[in-house]
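Please consult the sequence and the structure alongside the text.

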Amino acid sequence: MVKVHRMQIRFVESEAEIALCLDLRRKVFMGEQGVSEDEEIDGLDPICRHVLAVDNGGAVAAARVKTSGDLAKIQRVCVSASHRGQGLGARMIEYILDRLRGEDTVSQVRLGAQIHALKFYERFGFRPVGETYLDAGIPHQDMELALRQFRPAAGEKAP
Ligand code: COA
């Protein structure tokens with residue numbers, strides 16, 4: 001039988017779709033990486049926007065975005081084990097960055113990368129800032145991306 005892929009990545013708002021994001025996060029971060037429920041479901045989900053990737057009707061990737069002023073934080077990036085290494089994580093980050101670029105308010109994007117994923121984020125232009133630290137017992141490194149380059153007004157010099 002030919003498998004028809006119907007991959008969809010989008011921001012979701014319904015409770016049912018957000019529940020799919022949380023289920024996948026539980027599977028990946030709690031099930032695979034040993035993060036506790038309290039650390040994973042940290043109370044901030046209601047103030048975040050959630051991204052979900054669905055393939056053939058099943059949740060296969062998720063992330064959340066927490067925006068405050070001109071700063072957006074990308075958090076809880078995960079791809080189901082069955083779908084890793086096929087470019088899905090990269091497509092999801094590109095989708096989020098494209099959407100943020102389209103919103104005039106955000107100029108800076110930050111994330112706390114697990115050390116093993118530094119190279120994954122570097123390809124989008126994220127650069128490490130500060131020292132490494134432990135979060136939920138896992139080594140992390142903060143990374144930042146300036147979403148907009150400084151565009152000098154007429155007669156003004158770029159810094
Ligand atoms: N370390 C280094 N490079 C990685 C990587 C990793 N952990 N994961 C992916 N890459 C590279 C790939 O080799 C690929 O490069 P290529 O195009 O040159 O081959 C590129 O990044 C894109 O990979 P992609 O297939 O889109 O990644 P993915 O769909 O497997 O998703 C994660 C990457 C990290 C989101 C996924 O492995 C995952 O969910 N891991 C478990 C949860 C986790 O650790 N999340 C990160 C929290 S910061």
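## Strand pairing and hairpins

H50 has R64 in β3 as its bridge partner. The model is predicted, so local features require pLDDT of at least 70 and side-chain atom pairs count only at pLDDT 80 or more, whereas totals for chains, interfaces and linings use all residues. Residues are numbered from 1 along each chain as its sequence is written, and side-chain values use heavy atoms, with hydrogens and water left out.

Helices (H or I, at least four residues) and strands (E, at least two) are DSSP runs, numbered from the N terminus. Two strands are said to pair if DSSP finds at least two bridges between them. The strands β2 and β3 run antiparallel and are joined by 7 bridges. Between β3 and β4, which also run antiparallel, there are 7 bridges; here T67 has A72 in β4 as its bridge partner.

| Hairpin | Residues between the strands | Turn residue with positive phi |
|---|---|---|
| β2 and β3 | 2 residues | N56, about 50° |
| β3 and β4 | 2 residues | G69, near 60° |
| β6 and β7 | 2 residues | A136, about 55° |

N56 has a positive phi although it is not a glycine, and its place is the loop between β2 and β3. Relative accessible area is classed as buried under 20%, exposed over 50% and partly exposed in between (1.4 Å probe, protein chains only). N56 counts as partly exposed because its relative accessibility is 37%. A136 likewise is a residue other than glycine with a positive phi, and it is found in the loop between β6 (127–135) and β7 (138–146). With a relative accessibility of 26%, A136 therefore counts as partly exposed.

Helix α1 comprises 18 residues (residues 15–32), and at 1.5 Å a residue it should span 26 Å; the C-alpha atoms at its ends are 25 Å apart, which agrees. The expected span is taken as 1.5 Å times one less than the number of residues.

Which residues of α1 are buried? They are E17, C21, L22, L24, R25, V28 and F29. The cover over these buried residues includes the strands β1 (8–12), β2 (49–55), β3 (58–68), β4 (71–79) and β5 (108–114), together with the helix α2 (37–40). Contact here means heavy atoms within 4.5 Å.

After α1 comes G34, with a positive phi near 75°. S36 is placed in the loop between α1 and α2. Because the relative accessibility of S36 is 32%, this residue counts as partly exposed. S36 and G137 are 101 residues apart along the chain, and their C-alpha atoms are separated by 10.0 Å.

## The ligand and its surroundings

How many residues surround the ligand? There are 20 of them, and the closest are V79, G85, G87, G89 and H116.

A polar backbone atom of V77 is 2.8 Å from a nitrogen atom of the ligand. A polar backbone atom of G85 is 2.8 Å from a ligand oxygen atom, and a backbone N or O atom of A90 lies 2.8 Å from an oxygen atom of the ligand. On its own, the ligand has 890 Å² of accessible area, of which the protein covers 71%. Accessible areas come from the Shrake-Rupley method with a 1.4 Å probe; for residues, only the protein chains shown count as cover.

## The chain as a whole

The chain contains 4 helices and 7 strands, in the order β-α-α-β-β-β-α-β-α-β-β from the N terminus on. Of its 159 residues, 38% are buried. Among contacts with a separation of 6 or more, 59% are made by residues 24 or more positions apart. The accessible surface of the chain comes to about 9,400 Å², and carbon and sulfur atoms account for 51% of it.

Conventions:
Near = heavy atom within 4 Å. Polar contact = N/O pair within 3.5 Å; in protein donor to acceptor, adjacent residues only side chain to side chain.
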